[in-house]
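Hi,

Here is the structure I promised to pass on. Have a look at it first, and my notes follow below.

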Amino acid sequence: MAATYSLNSSIYVNISELEPGRSSFGIKVRVIRCYRQPSSHKADPDGTLELILHDEIGDRIHATIINIFSHGQ
């Protein structure tokens, strides 16, 4: 059984317990690195925001945030 943590009636799982296709969970992480990745496409001048996330047991995961509000769309 996966270890879960309860805080304010929400359930959190560790990064190592994430499963593809499952979308009803929460993770509690800290951002340990954040940087902007420029795009080489003219249609997307802003690029993406890249994050490295760290949970309380030491697991890490990479996340990408795209700019849905970029100019010209």
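This is a predicted model: local features need pLDDT of at least 70, side-chain atom pairs count only at pLDDT 80 or more; totals for chains, interfaces and linings use all residues.

Ile 52 sits across from His 62 in S6, and Leu 49 faces Ile 65 in that strand. Strand S5 (residues 48–54) and S6 run antiparallel and are joined by 7 bridges. Strands here are DSSP runs of E with at least two residues, numbered from the N terminus, and two strands count as paired if DSSP finds at least two bridges between them.

Residues are numbered from 1 along each chain as its sequence is written, and side-chain values use heavy atoms, leaving out hydrogens and water.

Together the 3 strands form an open antiparallel sheet in the order S4-S5-S6. Strand S4 (30–37) and strand S6 (60–66) are the edges: each has a single partner strand, so one side of each has no neighbour in the sheet.

Away from the sheet, Phe 25 lies in the loop between strand S2 (10–13) and strand S3 (26–27). Phe 25 counts as partly exposed because its relative accessibility is 33% (buried is under 20%, exposed over 50%, partly exposed in between, with a 1.4 Å probe and protein chains only).

Cheers

Terms used: Helices (H or I, at least four residues) and strands (E, at least two) are DSSP runs, numbered from the N terminus.
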